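Reader: I am new to this structure. Please show it to me, and then let us go through how its parts pack.

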Amino acid sequence: MNIDLSILYKRQEELDDEIARNHNINYETTFARRFLALLVEFGELANETRCFKYWSNKKSSPKEVVSDEYSDGLHFLLSLGIVLNPDKKEYELTKNKEDLTEQFVKLYSLANILYANYNLDNYYNLMQYYLNLALSIDMDNTDIINSYLKKLDVNHNRQKNNY
């Protein structure tokens with residue numbers, strides 16, 4: 001199963017431009033904050049899956065909530081990629097082999113590698129792994145795109161309403 005992110009990059013750049021105008025910022029001045037936001041979103045997603053909560057019997061949040069959190073992470077991951085001008089926009093989705101908890105640990109590791117060495121190879125590795133993680137939380141390529149676009153509308157409305 002493949003996913004093409006071309007339209008998502010374009011739409012993310014439009015949102016980023018709107019945010020930059022509204023808040024008088026740019027990529028360079030927000031680089032570390034974008035990364036921290038990405039890590040926070042990874043944590044919020046993990047929290048909704050509850051995969052690491054060995055002390056609790058409570059199940060994962062509903063798919064809609066998990067998908068919404070996934071799309072938040074994708075927003076920041078796309079945003080971080082725009083500056084690198086990636087030419088690879090299509091990915092083949094394959095389910096990661098690790099259990100979900102281990103996937104989140106590896107996701108943080110790949111993000112830290114990208115932060116320490118911000119280049120396209122490290123970016124592609126992180127994006128590929130994050131897209132593959134979607135399969136482990138019962139999302140497919142259509143779910144990824146639809147949840148992103150749904151959250152994109154929310155984010156544009158937030159900007160219009162002085163969020």
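Reader: In which hand does α3 pass α5, left or right?

Author: This is a predicted model, where local features need pLDDT of at least 70, side-chain atom pairs count only at pLDDT 80 or more, and totals for chains, interfaces and linings use all residues. Residues are numbered from 1 along each chain as its sequence is written, and side-chain values use heavy atoms, without hydrogens and water. Helices are DSSP runs (H or I, at least four residues), numbered from the N terminus. A crossing is left-handed if the near helix is turned anticlockwise from the far one by less than a right angle, and right-handed if clockwise; that of α3 past α5 is left-handed.

Reader: How are α3 and α5 oriented to each other, parallel or antiparallel?

Author: The axes of α3 (residues 63–82) and α5 (residues 120–136) come within 11 Å and cross at roughly 165 degrees. Axes are lines fitted to C-alpha atoms over the stretch in contact, with angles from 0 to 180 degrees between N-to-C directions. Under 35 degrees counts as roughly parallel, over 145 as roughly antiparallel, 65 to 115 as roughly perpendicular and the rest as oblique. The two helices are therefore roughly antiparallel.

Reader: Which classes of residue make up the contact of α3 with α5?

Author: Contact means heavy atoms within 4.5 Å. Among the residues involved are Y70 and L74 of α3, and L126 and M127 of α5. Ala, Val, Leu, Ile, Met, Phe, Trp, Tyr, Cys and Pro count as nonpolar, Asp, Glu, Lys and Arg as charged, and the others, Gly among them, as polar. The contact has 12 nonpolar, two polar and one charged residues.

Reader: How does α3 lie against α6, parallel or perpendicular?

Author: The axes of α3 and α6 are 8 Å apart. Their angle is about 75 degrees. That makes α3 roughly perpendicular to α6.

Reader: Is Y115 buried or partly exposed?

Author: Y115 sits in helix α4. Buried means under 20% relative accessible area, exposed over 50%, partly exposed in between (1.4 Å probe, protein chains only). At 43% relative accessibility, Y115 is partly exposed.
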